[in-house]
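Here is a friendly walk through a structure. Please keep the viewer open while you read.

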Amino acid sequence: MSNKINLKIDNIAVSIHEGATILEAARKVNIRIPTLCYHEDLCVAGNCRVCMVEQSGSDRLLPSCAMPVAEGMEIHTNSMKVRSARKQVIELLVSEHRADCTRCYKNGKCELQELSSEYIVGGNGFIDLVALKGYTIDNFSPSIIKDDSKCIRCQRCVRTCDQLQDISALTVAYKGEHMKVSSFYEKPMYEVVCTNCGQCVNRCPTGALTEKTYFDEVWSALNSESKHVVVQTAPAVRVALGEALGLPVGEIVTGRLVSALRRLGFDSVLDTDFTADLTIIEEGNELLQRLKRAVKDKDPNVKLPMTTSCSPGWVKFIEHAFPEYLPNVSTAKSPQQMFGALAKTFYANKIGIEASNMVSVSVMPCTAKKYEADRPEMRSSGYKDVDYVLTTRELALMIKQAGIDFASLPDDEYDSIMGESSGAAVIFGATGGVMEAALRTAYEVVTGREVPFEGLNIKPVRGMENIREANIIIENVLPEWDFLEGVELKTCVAHGLRNAKKVMEAVRDGKAEYHFIEIMACPGGCLGGGGQPIPTSAAIRQRRSEAIYEEDGLKPIRKSHENPEVMHIYETFLKEPLGKKSHELLHTHYTERNRY
Amino acid sequence: MKKKNLQRLDLIFKNEHDTELILRKTFARPNDDIINDLISSGLKGRGGAGFPTGLKWKLAAEAEEKDKYVICNADEGEPGTFKDREILSSVPHKVLAGMAVCGHIIGAKKGFIYLRSEYTFLKLPLLKTIEDFHLLLDQLEIDFRVEIFMGSGAYICGEESALFESMEGKRGEPRNKPPFPTDKGYRNRPTVINNVETLAHTYSILKYGADKFKDLGVQDSRGSKVFSVSGDTPTPGIYELEFGMSLQKFVDDFGDGDSKAVQVGGASGFCVPRKRFEKTVIGYQGKLRGTSLPTGGSMMIFNSSRSMYNVLHNYLDFFVEESCGQCTPCRVGTQQLLLGIQAVKKGEQPSLYLNKLLELAEAMRITAKCGLGQSVANSFSSIVENFKEEMIY
């Protein structure tokens, strides 16, 4: 990579490392070459042929995303030959795409639409192929809608599902005119091994893959006088929502988010961060109980390592892929579902509302949360605990629909009882955050002292490294935890299901020994979730991550067990961690699922 | 065949049972010597793309990697081409010898014959030949083994990088190039992939020498070529002919006296109308337009009873089905060309729409990912331009 290659692009001299592509070289000198199948998170496919450029002396055009630079190349990105070919390629794509733009959820956010607006101006197009193909829409899943009529076969979704997640729920089938992105045996998405993570949705350039939307149902609830609508907001929403509303990447918009939700008409604006803190208490205690049974009682039936359970994509993944490890998954529900169960019991009771008249809405960075809310076991309150799950994107759309100028909104604060949170809850939104939050509490429970990291920042579990390990030696413990004296607590953090699979295989094959594993299905954790604003990239996820840790640092309370509302709910309602009430409302079980 | 005009050859199909002799002689020579012979013979790939064979071997020999492979491309799927079948039926040992010599030169111990699934009937006899050949290699103390890999029926898998993907158990889809096979081929290792006929020709060169091979043919097209002759001809079949003949001569020999066009190189080749028979020379330098070369050896003769619209429709049906579907120009372009000529024929589109289709074909030629999409323009443009009235009325 040390050798520099010199070339000219549109007569501008560029010097770039050997192995770079023409596209990278062009970007270096701010020449924009349009792309479609290219995505920086994925391997190069070179199949859409939109990014073609001309090389002097060469008859055929070159795909700039796939072609490495060579010394002395003279590249033209905007010659007559290039423009004509590019226009035709885009016209071809449009001819196989249901250009239903005015009715499309992706209207204004579609990459094909954007390219068309630049290149297909006037003139006659090719014959419409969509009408000839008899497409059907797969909208059976509670999370993801697949509309093949809008698919332009760029295979970004296929590469996402394979490379990032190692699932391959989406794959290419058939050839020629019948070639399509398909699922196993072309079954609907809800029947195949799909974790609903929505990473494909994040990378689909058109409206072929979208989340199932529920904002119409939410509007109905908001406009119903008899309904009390509570809303909860996930940690990662507050560092990404701004992107979908014209604000810079990584801007923290917590206060404006609360304002906007009030303006939309939600009766109670509460915070998933509250139940994130609660999750730490329950899950942290569960971990300590498991350690106690393993180390002190020498109980052979106790399952370690324990894994987190807050990522519904991960939960469904392990149900499919490693069902023998389901007893290792923490029985603690995710913060969303703990919130839902408490909203229609504890909270409804507090504010004097019948649970039957309460509509519980969550705003999540996630598409799998829609599926999670639909699970039959998520009805602890006697009702559906969470009625509707909105993605960050759907909320942004609702804010636009309501005519709210988001940027200029004043900051506001969450309602109390289930609105207070610690910094430990905020970092749930980033990979490693649950681990850090759990350690902040568990270490203190056992030793009576704060975790031995400067500013409570447990740096070894932070970052974007695919799989991270951190070991903490537990010393000078309180008397009741004496059996843990000197024990080295071994932890592991992984994000993205490809990495999750690697960790689980290592555990299964006895190649890795851990006590506690945090896994998030999405790259970067929830901040890179399938319900977050589009586009996504490593740089964007990094900015969101920085915002999350910034928010943590600014919080007056940094540890879950110090959240006063959490203490209050234990005093007045739950009584004790892992107690009877917790068991009823805050814990769950898992289901083995097919591997195909 | 009693006619006399064309220079008939019998180099490839002549079987003198001299494999052991040739191989002993060859393995005793320095590698550079053999490669230089191949390069100076002027032998170019006989599968269609016409890449210089000696250079290909040289590049693979220079690649620094422990594992290398030799692959014989026997996925003969081009419509109107059936010469590889005959070569593998009657002189398979020549192909195997070519593979072994190639393996010896580049440092490969493993060779594969990627056999078209429709040629399953060839598998058993080939396996027998391979078994005998392995015994011979053992005698010669040459560490090289050949396996047969059966294709599954996709035309695109004749494209070398799609063939590798297919062998690796993946979808048969062409890869981005570079890297080229001599650098990263099968299993991302340096690979020489040659057409059946090319390998058989290397045997002739090893046997008769580069000079004798070079004496045949003209200019850039040296040696002989095996042609698959079909269509409106009283004498369909397989013929080894010297390069450099005019199409007029060919038609005089093989036509039925009423030939109006010859499709040279199969569905992905060019259609030459009668008025250009005299000027068209068959060979690499006889390219008619573009850079796709009609070297696969398919010669389909059409007489005046044939509708060129139907001929083109048939080719496009084939491409619409056999495109891998990966890249936009090929997947969508082939469908648009087919629907387009149908619409013009039915009067649903004006005849001017043909011009848009010709532009599309040209765009496909310069933007498609592999030879399939790039070469659709060959037949499309040459038929539409030369037989426009048949497309419209």
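In which helix of chain A is the place of A:E217? A:E217 belongs to helix α6 of chain A, residues 215-222; helices here are DSSP runs of H or I with at least four residues, strands are runs of E with at least two, and both are numbered from the N terminus.

## Reading the model

This is a predicted model, where local features need pLDDT of at least 70, side-chain atom pairs count only at pLDDT 80 or more, and totals for chains, interfaces and linings use all residues. Residues are numbered from 1 along each chain as its sequence is written, while chains are lettered from A and ligands numbered from 1 in the order in which they are written.

## Around A:E217

Is A:E217 buried, partly exposed or exposed? A:E217 counts as partly exposed because it has 14 C-beta neighbours inside 10 Å. For reference, a residue is buried if 20 or more other C-beta atoms lie within 10 Å of its own, exposed if 12 or fewer, and partly exposed in between, with C-beta atoms placed from the backbone.

## Chain A as a whole

Chain A contains 19 helices and 18 strands. Its C-alpha trace spans about 80 × 60 × 50 Å along the principal axes. The radius of gyration of chain A is 25 Å, which agrees with the value near 25 Å for a compact globule of 596 residues; this radius is taken over C-alpha atoms, and the globule rule is 2.2 Å times the number of residues to the power 0.38. Of the 596 residues in chain A, 52% are buried.

Contacts (C-beta atoms, placed from the backbone, within 7 Å) tell you about the fold too. Among those in chain A with a separation of 6 or more, 74% join residues 24 or more positions apart.

Chain A is divided into domain 1 (4-93), domain 2 (97-211), domain 3 (215-273 + 353-408) and domain 4 (275-335 + 421-586), with bounds from an automatic or database domain assignment. The C-alpha centres of domain 1 and domain 4 of chain A are 45 Å apart.

## A strand pair and a helix

Strands β11 (residues 228-233) and β12 of chain A pair in the parallel sense over four bridges; pairing requires that DSSP finds at least two bridges. Within this pair, A:V230 stands opposite A:S268 in β12(A). On β12 (residues 268-271), A:S268 and A:L270 point one way, A:V269 and A:D271 point the other way, and all are buried. In a regular strand the side chains alternate between the two faces of the sheet.

Helix α9 of chain A (residues 272-296) has 25 residues. From first C-alpha to last it reaches 35 Å, close to the 36 Å expected at 1.5 Å a residue, where the expected span is 1.5 Å times one less than the number of residues. Because 18 of its 25 residues are buried, α9(A) is largely enclosed by the rest of the structure. After α9(A) comes A:K298, with a positive phi near 50 degrees.

## Where chain B meets chain A

In chain B, 28 residues are in contact with 29 residues of chain A. The elements of chain B that give two or more residues to this side are α11 (308-322), α12 (328-346) and α13 (353-367), and α12(B) gives the most, with 10 residues.

Note on methods: Contact = placed C-beta atoms within 7 Å.
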